[in-house]
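Work through the exercises below with the sequence and the model in view. Try each task before you read its solution.

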Amino acid sequence: MSSTREKLIALLSRHSNTFVSGQWLSEQLIVSRTAVWKQIKQLEEDGYRFESIPNKGYRLIHQPDKVSENTIYWGLPTEWLGKQIEHYQMIDSTQTLALKRAQEGCEQGLVIISDKQTAGKGRRMREWDSNNDDGIWLSFVLRPNLIPAQAPQLTLLTATVLVKVIEAITELKPKIKWPNDLLIDQKKVAGILTQAQGEHDHIHYAVIGIGLNVNQINFQLTEMQTYQATSLKIETNQTFSKTELIQLFLSHFESLYQIYLTEGFAPIKQKWLESAYRLGEQLCFKVNGVEKTGIFVDLSDDGCLIVEDDQQKREKLYSADINWF
Ligand code: BTN
């Protein structure tokens with residue numbers, strides 16, 4: 001069970017658009033008014049700021065930049081995404097836990113976030129370097145009314161949301177490398193992992209994991225990596241508030257997801273193509289061991305990359321081995 005301090009922060013975070021009296025807080029927390037007052041003073045020493053008006057009470061106006069359930073809730077404008085959050089300082093993988101919660105029947109919108117991951121995972125069973133608290137490592141649960149073939153659209157949608165978030169807070173113009181990487185100057189700044197569970201005609205749940213490199217100042221190139229990584233800090237020389245970025249991501253995701261549910265994939269595809277890496281260029285790729293070339297011309301509705309050869313013959317690439325660089 002959380003401490004009085006944590007419960008107090010939670011109450012103040014959730015009522016930050018109004019004043020709450022010391023009396024009301026003491027009743028909610030089942031402690032004396034003096035105990036509430038002492039906790040408030042302690043919070044002020046720790047970087048929290050309050051507006052206080054005699055006979056009206058307190059209103060939280062600033063929280064220190066530390067990622068927690070409460071700092072994310074505070075001012076989060078979403079209706080359902082992130083209304084339930086589990087935050088950990090360290091966990092093996094937010095994806096593994098979110099998949100477990102989804103299987104147990106949690107509600108759509110649950111967000112699992114961890115400062116560090118000891119066994120972060122990427123696509124194709126790759127490791128995801130996240131045993132540091134400089135990035136955003138989070139997974140969330142959706143329960144969309146989709147068929148499994150549409151699940152890749154969720155990755156593409158998430159990529160366009162990440163582009164929007166980065167463009168909203170920097171001058172950078174990230175590119176989406178199909179299907180799930182975000183690049184800045186050919187270096188990877190974010191990756192997306194979508195895992196869905198369902199039957200042939202219906203998804204029970206989808207878990208989307210995002211890894212966004214935010215405040216790292218360097219990366220080691222491991223043997224597994226075929227290209228370099230970067231962070232928002234490396235690209236801009238600025239340090240970013242992870243809490244604000246998480247809030248921005250959740251609110252942009254919720255809005256674009258709503259558009260997707262009501263208008264379908266077309267508007268998402270259009271946004272995706274605007275940021276697509278190497279669209280209109282010739283790609284070299286291998287399908288079933290055969291090397292081919294073709295111009296990357298479009299994206300299909302099931303999330304495949306469409307290439308056209310010099311005879312104008314089009315081919316859909318599901319998961320071809322593409323030589324991107
Ligand atoms: C990739 O580029 O292959 C996808 C990387 C996805 C990493 C994120 S970090 C949060 C979530 N938890 C994980 O273990 N993986 C995803």
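**Exercise 1.** How many nonpolar, polar and charged residues does the shell around the ligand have?

*Solution.* The model is a predicted one. Sorted by class, the shell has six nonpolar residues, eleven polar ones and four charged ones.

**Exercise 2.** Find which helices and strands each supply at least two residues of the shell around the ligand, and name the element with the largest share.

*Solution.* Step 1: the elements that each give at least two residues are α5 (94-104), β5 (135-142), β8 (187-199) and β9 (202-213). Step 2: the largest share, four residues, comes from β8.

**Exercise 3.** Of the 21 residues around the ligand, state which come nearest. Then look for polar contacts made by side chains, using a cut-off of 3.5 Å between N or O atoms.

*Solution.* Step 1: the nearest are Ser 93, Gln 117, Lys 121, Arg 123 and Lys 188. Step 2: for Ser 93, a side-chain N or O atom is 2.8 Å from an oxygen atom of the ligand. Step 3: for Thr 94, a side-chain N or O atom is 3.0 Å from a nitrogen atom of the ligand. Step 4: for Lys 188, a side-chain N or O atom is 2.6 Å from an oxygen atom of the ligand. Step 5: on its own the ligand has 420 Å² of accessible area, and the protein covers 98% of this.

**Exercise 4.** Rings pair if their centres lie within 6.5 Å, and planes over 60 degrees apart count as edge-to-face. How many aromatic pairs does this rule give? Classify two of them, Phe 50 with Tyr 58 and Trp 128 with Trp 137.

*Solution.* Step 1: the count is nine aromatic pairs. Step 2: the rings of Phe 50 and Tyr 58 are 6.4 Å apart, centre to centre, with 75 degrees between the planes, so the pair is edge-to-face. Step 3: Phe 50 and Tyr 58 are both buried. Step 4: Trp 128 and Trp 137 have centres 6.4 Å apart and planes at 80 degrees, so this pair is edge-to-face. Step 5: Trp 128 and Trp 137 are buried. Step 6: ring pairs also link a cluster made up of Trp 80, Phe 140, Phe 249, Phe 253, Tyr 257 and Tyr 260.

**Exercise 5.** Over which rings do the charged ends of Arg 14 and Arg 59 sit?

*Solution.* Step 1: the charged end of Arg 14 is over the ring of Tyr 73, at 3.9 Å from the ring centre. Step 2: the charged end of Arg 59 is over the ring of Phe 19, at 5.9 Å from the ring centre.

Conventions. Residues numbered from 1 in each chain as written. Predicted model: local features only at pLDDT ≥ 70, side-chain atom pairs only at ≥ 80, totals over all residues. Heavy atoms only, no water. Phe/Tyr/Trp six-rings, centres within 6.5 Å; stacked < 30°, edge-to-face > 60°. Buried < 20%, exposed > 50% of the residue type's maximum accessible area, 1.4 Å probe, protein only. Lys NZ or Arg CZ within 6 Å of the ring centre and 35° of its normal. Near = heavy atom within 4 Å. Polar contact = N/O pair within 3.5 Å; in protein donor to acceptor, adjacent residues only side chain to side chain. Areas by Shrake-Rupley, 256 points an atom, 1.4 Å probe, with all protein chains shown as cover. Nonpolar A, V, L, I, M, F, W, Y, C, P; charged D, E, K, R; others polar.
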